[in-house]
Amino acid sequence: MSALLWVVFALCGVSSTDGVLELRLEGPLSAVHLDGVRVPTHVIVDLAPAEAITVRVPWLPINPGDEPRLGRVDGEGSARVEVLHPSPELAPPSVMRRPLPRPVGTPPRVPPVAWWLFSGGLLAVFAARRRPIGVALVGALFGLVLVVLPVSAPEKPVVAVLEVGPFGAWWVHVGAGELHPPSGSHPALETRPEGASWEWLVDVSDPASPHGFARTSPGTLLVARAPGPAEVSLSEKGNTFNALQETWRRSSAGEWTRHGVWDHGAPLPAAREGGLLPTWLRAGAPPGAEVWVGRLAEAPPGAQEAWVRLIRPGGQ
Amino acid sequence: MEIQEKVAFDSSRVGLPPLISLLCLAASVALLLPLEAVEEALGGSSRLAWCALFWVAILSIPQASGGSASWSVGLGIGLCVLGLAAHLDLSLGADAKEVWSTGWPTLLFSVLLAGAASRARETKSTERHLLLWFVLVLGVPLFAHTLGQWGGVQLPAWIEFIASASPLDWLAGRAGGDEAEPWLPLGVSVLLFLSTAASGSDKEVAE
């Protein structure tokens, strides 16, 4: 049975904005590729023959000058668009204006397996020390194995910051190369550099928990935004948000103080010396505003480092 | 009696690596560890070139004729370290071609200069090897670097030429990002090796 391609999109009345798509998929099917979207979008499935499911593509970056449609189906089965929902709420402009987190890669390390091989090489060299030529050959052999050992590329952490202000609270996730954004987010809204090419993959192999992830070149940053918790409160009286590993406060007079570890529910610890606050966290607050910055003891899923930045404009 | 002499000869050959090569091992491993001081000092420069500079310098040192240290063990350890350093360079994002262009001359320097030092110890060419090593490998390049780089003295062209022929100078240049061809330092390495080989033949003829 040849591949069945549905190139009809039934929702003529829907404007060309981002949306959430429902697809009806019938197996055997391994992937569905969508056209008419701003970035290449692929839906990964794993359907056996005669198996059929309806899946929800969490977010679809629809091309303003085009209409979303099914482009290609990998497998003998079929796919069709059921319905297109409007996209979830967009992040307010105040959130978009705040400086983005900067993932800083840790310097590459020699992996443990290479250290073990190296130690083994030293032992082998000592064991072969009775044979002058043999000992050099053993050293050369281990040296060669170490060179051809697969290298691990330096990894940049995904950094999340909870931006808090009069607009509420929004999570902003920034990652290089690949990003698994929180559900309900809009990863296409920004890339650094702007306009960089990337692709959006939606894995619905497990229909109960579909998840999307964005992929681009290692040097490009991907940005995702999602609504945060309803209430985040940091004040001198207490921390009703979360345990913080490090805390900084800028008074309305513009003076920064560091307060170190701040447990959940505890009053603000006394100011202390030392500690360096990343520059992207210091920037972005208007003069006269009170600023609270903290590093979360536990990062949310999909991030390795998380911060909270509360900017309270002057007079509030 | 003959058997006892044979045993004594063999045990002298089964020596430990020279102490200086163990110190060099410790220094090289420190360069490959994720230490903040190392990161700040070396930045993104080639760890292979730095380790090669250490090891080629150590392996080329003229050896005492009566010593029992096994320099071949030092060479084996050095090759393991160079492999680890090359692995780290590749992890740092260095091109494989770039690592290879430092690696193959380093291998030849190590083998030729260690071989020359070892042969000089076993033949009557110790003094000649010491003189050539001091002039072409260490002395003149160090002299030129001290006066030229640190002292700001304008050196005669012939001194700079001799300095540029040193394998150590070439490796220091690679560590600093230079991309000079290694042919001249390789020629010096071959010269040192052949000078000890000629002495070995002389000795055999004399015997």
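Begin by selecting residues 19–26 of chain A, which form strand E1, together with E6 of chain A, and you will find the two strands paired in the antiparallel sense over 8 bridges. Helices (H or I, at least four residues) and strands (E, at least two) are DSSP runs, numbered from the N terminus, and two strands pair if DSSP finds at least two bridges between them. What you are viewing is a predicted model, in which local features need pLDDT of at least 70 and side-chain atom pairs count only at pLDDT 80 or more, while totals for chains, interfaces and linings use all residues. Residues are numbered from 1 along each chain as its sequence is written, and chains are lettered from A and ligands numbered from 1 in the order in which they are written.

Staying with this pair, select Leu23(A), which stands opposite Val81(A) in E6(A).

Next, select residues 221–227 of chain A, which make up strand E13, where 6 of the 7 residues are buried; a residue is buried if 20 or more other C-beta atoms, placed from the backbone, lie within 10 Å of its own, exposed if 12 or fewer, and partly exposed in between. Which strands pair with E13(A)? Strand E8 (residues 168–176) of chain A pairs with E13(A) in the antiparallel sense over 7 bridges, and strand E10 (residues 190–192) of chain A pairs with E13(A), also in the antiparallel sense, over 3 bridges. To look at individual partners, select Val172(A), whose bridge partner in E13(A) is Arg225(A), and then Arg192(A), whose bridge partner in E13(A) is Leu221(A).

Move on to helix H2 (residues 112–127) and helix H3 (residues 132–148) of chain A, whose axes come within 9 Å and cross at roughly 175°. The axes are lines fitted to C-alpha atoms, for helices over the stretch in contact, and angles run from 0 to 180 degrees between N-to-C directions. This crossing makes H2(A) roughly antiparallel to H3(A), a term for angles over 145 degrees, whereas those under 35 count as roughly parallel, 65 to 115 as roughly perpendicular and the rest as oblique. Among the residues that meet here are Leu117(A) and Phe118(A) in H2(A), and Val138(A) and Phe142(A) in H3(A).

Now show both chains, and see that 26 residues of chain A are in contact with 22 residues of chain B, contact being counted if the C-beta atoms of two residues, placed from the backbone, lie within 7 Å. On the chain A side, H2 and H3 each supply at least two residues, and the largest share, 11 residues, comes from H3(A).

In helix H9 (residues 167–175) of chain B, the buried residues include Leu168(B), Trp170(B) and Leu171(B). End the tour at Gly177(B), which follows H9(B) and has a positive phi, near 100°.
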